[in-house]
Amino acid sequence: MTVDTTDPVEKPVEQSRRRRFVIPERFFTFQSYVALILVFLAAIIFSPRRNGEIVFLNSENLLNIVRAVSEIGILAIGMTFVILIAGIDLSVGAILGLAATGTASLLMVNDFGVAMTVLIILAIGMAFGATQGYLSARLGIQAFIVTLAGLQVARGLARIWSGGQGIALAYGDGPDVAPQAFSLLNSRTFNGTVPIPALIFAGVGVIALIVVRKTVFARHVYAIGGNERAARLSGIPVTRIKVTVFAISGLLAALAGIIHAGQLNQGSPNDGMGYELDAIAAVVIGGTSLMGGVGTVSGTLAGALLLGILNNILALNNIDSNVQLLIKGVIIVAAAGIQAFRSQQK
Amino acid sequence: MTAPPLLAMRGIVKHFGGVHALRGVDLTVGAGEVHALLGENGAGKSTLMNILSGVVRPDGGGIELAGEPVALGSPAEAQAAGVAMIHQELDLVPQATVTENLFLGREPRTRLRTLDRAAMRRHARELLDDIGVELAPSRRLSSLRVGEQQMVAIAKALSLDARILVMDEPTSALSDSEVERLFAIIPGLRRRGVGVVFISHRMDEIAVVADRGTVLRDGRNAGSFVVAETPPAEIIRMMVGQPIEQLFPDREPPAERVRLRVRDLTVADGSDLGGRSEPRGVDLDVREGEVLGLAGLLGAGRTELLDALFGLAGHRLSGTVELDGEPVRLSDPRDAIAAGIGYVPEDRRASGLVMMESVAANIVLAALPALARAGWRRAAREREAVASSIRDLHIKTASAESAVGTLSGGNQQKVVFARHLLRQPRLLLLDDPTRGVDIGAKSEIYRLLAGLATSGLAVVVASSELPELLGICDRIAVLRGGRIVTVLDGRDATQEAILAAASIEQNSNPSRMEAG
């Protein structure tokens, strides 16, 4: 052998220089919380001050943020389950509109009681979602297409229901007015501090967190999103779980619609336009993968709060709402970009 | 002064984090040589080949091609230097034709800059003829068998002036006749002076095609050998470090009681029957504690029979299936699992594991409702089940919470086993359970199977490796065209007898001929 080996010292140097920047895996797990804290700190810094007090940190303002994101947040919780099974639900904004319209109509036109109205509307939302889930799971139509059609159908139903008009809520006793009890949704509890919608959002969030940690159902959801064939071969009732997931999404969209009617004292067929996109944004910022199988409800809650804080601080500074859209877009791309970076790193 | 070898990798070192994947490995391949690269999974074969093909950069050591030091910093540089990798998953476009694939990204143009289809067709024909492959270049790639697709990949590599061809388990998805066709092109490669690195787990193939071999173990060279002078036992000893005295354990004969009774099982053809054979009039008895093998050529219907027994044929299934004398309905995998049937499918990545989830989540996946109370999980019971599975099946994992993808192939397979064993099945269906698993893990799986059968479980195992079937089965049913053509006794069956039954038409049972 006369051939020399190449210098073993030179190469590693060159290679280490070219080595890629590596982010520790743990960062990704807490990505949405890190982002939430950063946005929170930025909000403190950029908050206007009144008499030396930071307006953003005012407890009323903070609770107001939670109230403001309650509808999107509730939609996003349902959306999380849908995206975990690698689906998508474009119909939630329209179901919200249908539910708000239906709520106002049942209360004002049909003179139904609050409990009856809420039950009927929730049942409609759940049935609507379940039907979409069945069409998607059983007939194998893509969820994107089924719920795109569902969006149109829900908007159409809402317009037919109300004759195309928004229905304003008036409260009182007697015919043609809504029961006073319904105005609760527009009020605050705990000595007038905590807005009721914020409380409902928190309640739904806690239930979802418990469901994810403690139920067999949630494990089946993750397994179906991770590897549907393996899930099926493990005896998981794939169709039933998928239908359930879409039913939950429809149910929560209807709940958000009832809250919407209560907060605005009206129900209109055009309510909730584009809300589905904000809900998807919250889920994506929360670190849930659109490929399914990976994600958390807590991340989604963080994502929804992040969007709420962002809207709030921009509004406090009187920044044009169009700029809000731009910033939201940047944050979504950043969140998705970090996810993409993560999968490349693997 | 001898001519330098075509490829010389010397003292290659690579760490991944704290893990030493390679600790100074040497590999030399001469021109016109077929060089077998062996080692258990995790020995460092893939890392070494990824370094050779520019995907991974080494932390130390040098590579020379025909005496010239080269730096293979990217796959493009490796390709330019003449290194081509034929992957298990081929880098070809399934929707395009053979010709289009051969010229992907470097299509010949006419003077008007339009596609020169005539030149493409002509060159494609030449390239295929060069390596002696008879294939219509106009065929769509997806219509070809896996083996034919590999040959297209090889033709493409050679047309890019590849001097070194890395073939990573090229035969793992091929039928015997396809393997023969693949091996038939190797003399042509030798004549052209191409060096082939041939990765395989199968000793019989290495004996047929390779000239020399290198064995890796734990990221080090465990030995090199000249194939013609080295008995397989010696090579296996290099791979595992100590001799495996007995690959197939001894076992008690099965009980008399029939566990599974199948009569006239037939599956109506579905819409997507691409070269597969659905079961046709299958009669089968499997006794308690018996291991029954399913043999047959690729496409003979082994997997389809197992699928049908696990309820995957749905409502296309007809005939009767009884477990311990009771008829069972099998229109969904849920029916099968409820009846006490477990299934370890062929492709654990596609059908077995949820790769992003933990070992624990994968183990309990089928048993979750059973371990829970009214849909609420009981963490303590799940942890217990996982811990005992890991212990009983000797699953090697850093922790129960590790991602299942970090495990070796053999341990991943044991996770799928564990999932179904947790349900305490009466019948276990296995489809090529040792595919892509190294010899140490194979031996463990055989031992596990023997233990399960001894405890009374009935096992039906399909395999494309005849020595495996002969080693572990009490009886072997040979399939052809979805029918069972003969059932041989495992003790006195031979590879020749199985192959003859699997491939020769007149051997079939005439009483079953009219049914199709």
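Reader: Let's start with chain B: how far apart are the centres of domain 1 and domain 3?

Author: The centres of domain 1 of chain B and domain 3 of chain B, taken over C-alpha atoms, are 36 Å apart. Domain bounds like these come from an automatic or database domain assignment. Here, chain B is split into domain 1 (7-240), domain 2 (246-340 + 425-516) and domain 3 (353-423). Bear in mind that this is a predicted model, where local features need pLDDT of at least 70, side-chain atom pairs count only at pLDDT 80 or more, and totals for chains, interfaces and linings use all residues. Residues are numbered from 1 along each chain as its sequence is written, while chains are lettered from A and ligands numbered from 1 in the order in which they are written.

Reader: How do I read a sheet, and what is the strand order of the open one in chain B?

Author: Helices (H or I, at least four residues) and strands (E, at least two) are DSSP runs, numbered from the N terminus. Two strands pair if DSSP finds at least two bridges between them. In chain B, six strands make an open sheet in the order 6-7-8-3-9-10, with mixed pairing. Strand 6 (83-86) and strand 10 of chain B sit at the edges with a single partner strand each, so one side of each has no neighbour in the sheet. From one strand to the next, the twist averages 20°.

Reader: How many residues of chain B are in contact with chain A?

Author: Two residues are in contact if their C-beta atoms, placed from the backbone, lie within 7 Å. By that rule, 36 residues of chain B touch 26 residues of chain A. Strand 4 of chain B gives the largest share of chain B's side, four residues.

Reader: Is A:Gly286 buried or exposed?

Author: A residue is buried if 20 or more other C-beta atoms lie within 10 Å of its own, exposed if 12 or fewer, and partly exposed in between. A:Gly286 has 29 other C-beta atoms within 10 Å, so A:Gly286 is buried. You'll find A:Gly286 in the loop between helix 12 (275-285) and helix 13 (297-316) of chain A. Leaving aside neighbours within four places in sequence, the contacts of A:Gly286 include A:Ser32 and A:Gly303.

Reader: And where is B:Leu323, and why does B:Leu323 count as buried?

Author: B:Leu323 is in strand 14 (residues 317-323) of chain B. B:Leu323 counts as buried because 20 C-beta neighbours lie inside 10 Å. Leaving aside neighbours within four places in sequence, B:Leu323 touches residues including B:Arg259, B:Val328 and B:Leu427.

Definitions and conventions: Axes are lines fitted to C-alpha atoms, for helices over the stretch in contact, and angles run from 0 to 180 degrees between N-to-C directions.
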